Amino acid sequence: MSSDDASRRGLASPPCYAAEFPGYFGDASLAPEVVARLNALLEAERAGAKVLRLLARELPDDASARALLESVCDDEGDNAVALYRTIRRLGGEASAVTGAFVEKTLAIEGLEARLRFVNTGQQWVVRKIDEVLPLVHDGAARAMLDAMRQSHRDNIAACDAFLATVHR
């Protein structure tokens, strides 16, 4: 569109008609497949935060495991918020569902076994991020997913280190 075309349409400057050009402000839209994959991650992060909060509440305040669970829970909650905001910013509909991971984890007996299952879930998230990253072209969304992947790797290592200290 030329400046003359913009003037005839009543638009004063390029920013006034920038909305006609997707991505002008960095707000590229997401393909439905990508939205579905990000929503699966969002649901998993919500479930992770919920189950970790429940598990932490079962432990004494001074238990070393409680501090670990609360830290991982905080990361899960932060990731859920970041995913929600990213999906919405890119024009997707963010899921309001919490994944089935809560019930699956609580069906397992004992903190050690539950924590090993949580780590399996953390590894699943890392794999799913690796799968979706090539489909995401928005720089901010990619950076968020990279940070989320790293937080999961860090939490897997922290849980593994804790589990190594637990007597079998």
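Q: How many salt bridges does a search of the whole structure find?
A: The search turns up 11 salt bridges. A salt bridge here is a side-chain nitrogen of Lys or Arg within 4 Å of a carboxyl oxygen of Asp or Glu. A caution first: this is a predicted model, where local features need pLDDT of at least 70 and side-chain atom pairs count only at pLDDT 80 or more, while totals for chains, interfaces and linings use all residues. Residues are numbered from 1 along each chain as its sequence is written, and side-chain values use heavy atoms, with hydrogens and water left out.

Q: Which residue forms a salt bridge with R149?
A: D146 does, with the closest N and O atoms 2.7 Å apart.

Q: Why are R149 and D146 separated by about one helical turn?
A: Because they are 3 residues apart in helix α6 (residues 139-165). Helices are DSSP runs of H or I, at least four residues, numbered from the N terminus.

Q: Is R149 buried or exposed?
A: R149 is buried, at 17% relative accessibility. D146 is partly exposed at 33%. Buried means under 20% relative accessible area, exposed over 50%, and partly exposed in between (1.4 Å probe, protein chains only).

Q: Which residues do salt bridges with shared partners join into one network?
A: D61, R66 and E70. Within it, E70 pairs with R66, and their closest N and O atoms are 2.9 Å apart. Those two sit 4 residues apart in helix α3 (residues 64-89), so about one helical turn separates them. R66 is buried at 16% relative accessibility, whereas E70 is partly exposed at 27%.

Q: What about R88, which side chain does it meet in a salt bridge?
A: That of E93, at 3.9 Å from N to O. R88 is partly exposed, with a relative accessible area of 42%. E93 is exposed, at 60%.

Q: New topic. Where is N39?
A: N39 lies in helix α2 (residues 32-57). N39 is buried, with a relative accessible area of 9%.

Q: And what does N39 touch?
A: I87, E93, A94 and S95, not counting residues up to four places away in sequence. Contact means heavy atoms within 4.5 Å. N39 and S95 are 56 residues apart in sequence, yet their C-alpha atoms are 5.7 Å apart in space.

Q: Last one: which helix holds N119?
A: Helix α5 (residues 111-132). N119 is buried, at 4% relative accessibility. Setting aside neighbours within four places in sequence, N119 contacts N155, I156, C159 and D160.
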